[in-house]
Every structure is written in structure tokens, then in C-alpha cells.
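Biologist: Could you put the model up, so that we can go through it together?
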Amino acid sequence: MPHPDPSRRQFLAFLAASPLAAAEGIDPDWLAALGARAPRREDPLLEVAHRLAAAQDTLPPGAIRSAAEALNVFDFEPVAKARVPVAHWGYLMTGSDDDRTIAANRAGFDRWALRPRRLVDVSTIDMGVTHYGTRYPTPIILNPVGSQKAFHPDGELATARAARARNHLFVLSTVGTTAIEDVIAARGAPAWFQLYHQDDWALTRQVMQRMERAGVPAIVFTVDLLGGSNRETQQREARRDTRTCTKCHLGGEPKPGMTQVSQRDNRRKPNLNGYQALPPIMEKGTPTWEFVDRLRQSTTMKVLLKGIVTREDAELAVAHGIDGLFVSNHGGRAENSLRATVTSLPEVLEGAAGRIPVICDGGFRRGTDAFKALALGATAIGVGRPYIWGLGAFGQEGVEAVLGLLRKELEIVMKQCGTPTLAAITRRHITEA
Ligand SMILES: Cc1cc2nc3c(=O)[nH]c(=O)nc-3n(C[C@H](O)[C@H](O)[C@H](O)COP(=O)(O)O)c2cc1C
């Protein structure tokens, strides 16, 4: 009988103390007892090795191992969390101040209950919607989310390919890590572009002209961050990240001939790159309706505003010739308003008075959430974090699976409520809970 091997015992003690064993649900006492025993021919150490190899990475217990296993969009979150660097996770999950508007967005849906109607033929469901002449088979929009290569190496390309596979509308962010031309090629159809204005109007105008050349049909000007936001979760998580951030951020290595990376170096933001150095036309102050007019007049593309949450601003948007609105609080990342977007939606719809489409985003995680917003009168709904969980967890496959789940859930609730088309979904299909 061979004697217990001290290095084997040491290794098992190390394993017993490691978070990997805990995450895989391997009992540390069992591992310690194993170390004290002499090895047998069929060493349980092999079993440990197999179980750890199968785990591939340190996924928490119960986490899904493939996109196909997911039952709902929440299943992707722990997998993405395990796979996305902690600072980037902080960027994804942060709200503003104490993040309570993120929760408010979710709670807003609980204020509404369904009023399902029976005995309607729902054997065929058509959830198609037309945006400015282009038909999409679903009202679920992939909202603009910046820096998607922070979540998966394929970044926006994976999202665009998933949007192509499932035929969803994708809105590319100004601060995306993929150029609009590459996104449109991967999507195989036009994408919309979300605009953050630049301090220099000459640059903003060049960005707009590039979008026109690329065939972008609509610009979504985001107006809910013009005063900045206080993102504590993001900062806290960034402090826990021990990697050298400047290796990637601020363009990585300094440009040739420079000793330092400049704050204005936008190499990782290809939609803000490669423009002519024209004489600058600096903005005076932060944008107002005067800027909106200028933007509107400078382009033939449709112009939407994202971040409108009041009747008054919806009325002003219509008066200023705006083509559509996103009711949005930036996923709880703008001001910590504590007001759900689905709660703001009715007054924005009143302000718009049916003259322009109104899209709603913020906290949509279930088909029933989408149904409630559609019943209140939204034209379509946008998702942010859920598809990024899919992206961070499994790349394009994950994004596709998230879209598939949301669509399946919406289809079920449409059938259950006796509403075979979006037009059939009315205010009478929901009631205050
Ligand atoms: C990580 C992250 C980055 C975002 N980047 C942008 C952006 O660049 N432009 C923009 O208009 N909105 C941006 N948003 C807001 C989303 O478009 C959307 O309003 C929000 O995510 C919807 O809420 P949800 O995440 O609860 O679905 C971002 C949101 C997140 C979570």
C-alpha cells in the first residue's frame, strides 16, 4: 500500500480552498479527506480534474453551459458576469447614484396586470412592425450600447450578425467599437445610428455625412446625458480590476511620434475616427432645441430623440419636426429619477398624440413587459443589458438566444391575450395591478 504523497495532499488542500471548487459545488472536506488517503488505482483526483475541466471556467453553480440551455434572459447574466472583466461588468451594470432607477424600471411593469381575452383565433401571430417604410418581424429593437468589444471580442459584429439572423433593428452607438460600415455589412441591411453630439459642430456634421453615405436611414440623438451622470457602481468595480487599462483605453499605445496617449485619441471609437481636420465650430454650452433644429436641418435622415420622459418635451419634439422618440432613462444610468420608463410612457404618448412613433426602453426582460408597453401605445420596445448578457456569455449565439426567448415569450402572451397582431393589442388588454 503506497503512503500518502505530501505534494498530492498539498494540491488537494489548495483545491479545497479555491473558489473554483466552491463554485463547482465540490465539498472541501471531501477534498481534504482525499488528500489524507493513499491514492488508489482509480484515483478520485481524476474525477476532480474532469469536473473542473468540464467547468471550463469559473461559472457559478447552476449556471447554463450553452445558450440553448437558457430558459429566460436572466440565465445569461451570471455567465456573462463570470466571463466579462470586472471593470467592464461595472460599466454594464451601473446605474446612477445608488442604482435605484434600474430597479424602478423593473418595478414599473408590476404596476400593470394583463386582461387576457379568450376564444380568439391566435393560430397565427404576426408581431411585425414597420419603421419608416422598412418592415421588421418583431417590435424588439437592439438598443445602442457602447463599447461592445468590452464584453466579447466580436463586439458589435456579433450583435449585427444576430440581428441579421433574426431580422431585428440594431441601433449602433456613437461610442461603439465597430465602424458603421462594418456593422451594416454584417447586418446585411441598414442599421440606425445613435448620436452623441461633439463639442465641435464641424465634427458632428462630418459624422452625420458619413452616416448618410453609409445608408443609415435614421439618427437617434441621445439627450438624457447632457448634464452627465454619477455612476458609482462603475467606478467601484473599475477599482477592483487589476489589469492595465491604458493598454486598450485611450487608443492603447501612443500614436507614432507621441510619448503619451492623448485623452482625445479615439482610435477605439471608429465612428469618431478618420475625419478631416476642418476649422472647428465650437458649440456654446450644452445642446438645446436650437441644436435639435440645426441637426434636423442638416440631414435628410430621420431624426429621433432618445431620453424623452415628459409630455412637454414630447410636444416640443413634434413642434421641432422630430420623426420619433425613445422614452428612455438610459437604463437607469442618467439621473436617478426613480421613475420607470413604462410609467413615463403614457404622458409621452399624449404629447406625441399619434403624430410620431414612440419607442420605449428600460428594464424589458420578459415578453409580458413588452406586451404592457405595446398595450399602452408604444410602437416598439428596446433592450439593452439582456442582449449584452447574451453577448458576454456566448457571443452571437447568446444574442440570438436572448432575442429568441423574448420573441417566444411575447408570442405566448399575445396568444394568451387573444391579440394576433400588434394592432390588436390595446389599452383594454391591461389594467392597473
Ligand atoms: C453598457 C451600456 C451602454 C450604453 N450605451 C449607450 C450609448 O452609447 N448610447 C445610448 O443612447 N444609450 C446607451 N445605453 C442605454 C441603452 O440604449 C438603453 O437605453 C438601456 O440599456 C435600456 O435599459 P436596459 O439595459 O434595462 O434594457 C447604454 C446602456 C448600457 C447598459
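Biologist: Which residues form one aromatic cluster here?
Modeller: Trp201, Phe221 and Phe291 form one aromatic cluster, where rings of Phe, Tyr and Trp (its six-membered ring) pair if their centres lie within 6.5 Å, and planes under 30 degrees apart count as stacked, over 60 as edge-to-face and the rest as tilted. Please keep in mind that this is a predicted model, in which local features need pLDDT of at least 70 and side-chain atom pairs count only at pLDDT 80 or more, while totals for chains, interfaces and linings use all residues. Residues are numbered from 1 along each chain as its sequence is written, and side-chain values use heavy atoms, with hydrogens and water left out.

Biologist: How many aromatic pairs does the structure hold?
Modeller: The structure holds seven aromatic pairs. In one of them, phenylalanine 74 and tryptophan 389 have ring centres 6.4 Å apart and planes at 40 degrees, so the pair is tilted. Phenylalanine 74 lies in the loop between α4 (44–55) and α5 (76–83) and tryptophan 389 in helix α16 (residues 385–394), so this pair ties together parts that are 315 residues apart in sequence. The helices (H or I, at least four residues) and strands (E, at least two) are DSSP runs, numbered from the N terminus.

Biologist: What lies over the face of tryptophan 201?
Modeller: Arginine 294 does, at 4.6 Å from the ring centre; a charge sits over a ring if NZ of Lys or CZ of Arg is within 6 Å of the ring centre and within 35 degrees of the ring normal. The charged end of arginine 333 sits over the ring of tyrosine 91, at 5.1 Å from its centre.

Biologist: Changing topic, how many residues surround the ligand?
Modeller: The ligand is surrounded by 24 residues, of which the closest are Pro144, Ser173, Thr222, Asp361 and Arg365, where a residue counts if one of its heavy atoms lies within 4 Å. Helices α6 (86–93) and α16 each supply at least two residues of this shell.

Biologist: Which polar side-chain atoms lie by the ligand's oxygen atoms?
Modeller: Among them, the side chain of arginine 365 has an N or O atom 2.8 Å from a ligand oxygen, and asparagine 143 has a polar side-chain atom 3.1 Å from an oxygen of the ligand. Glutamine 194 places a polar side-chain atom 3.2 Å from a ligand nitrogen. Polar contacts are pairs of N or O atoms within 3.5 Å; within protein, one must be able to donate a hydrogen and the other to accept it, and residues adjacent in sequence count only if both atoms are side-chain atoms.

Biologist: Where is threonine 177, and what does it touch?
Modeller: Threonine 177 is in the loop between β5 (171–172) and α9 (180–187) and is buried at 7%. Not counting residues up to four places away in sequence, threonine 177 touches Ser147, Gln148, Lys149, Glu156, Arg268, Lys269 and Pro270, contact meaning heavy atoms within 4.5 Å. A polar atom of the threonine 177 side chain lies 3.2 Å from the backbone nitrogen of glutamine 148.

Biologist: What is phi of serine 147?
Modeller: Phi of serine 147 is near 50 degrees, a positive value in a residue other than glycine. Most residues other than glycine have a negative phi. Serine 147 lies in the loop between β4 (140–142) and α8 (155–166) and is buried at 14%.

Methods. Buried < 20%, exposed > 50% of the residue type's maximum accessible area, 1.4 Å probe, protein only.
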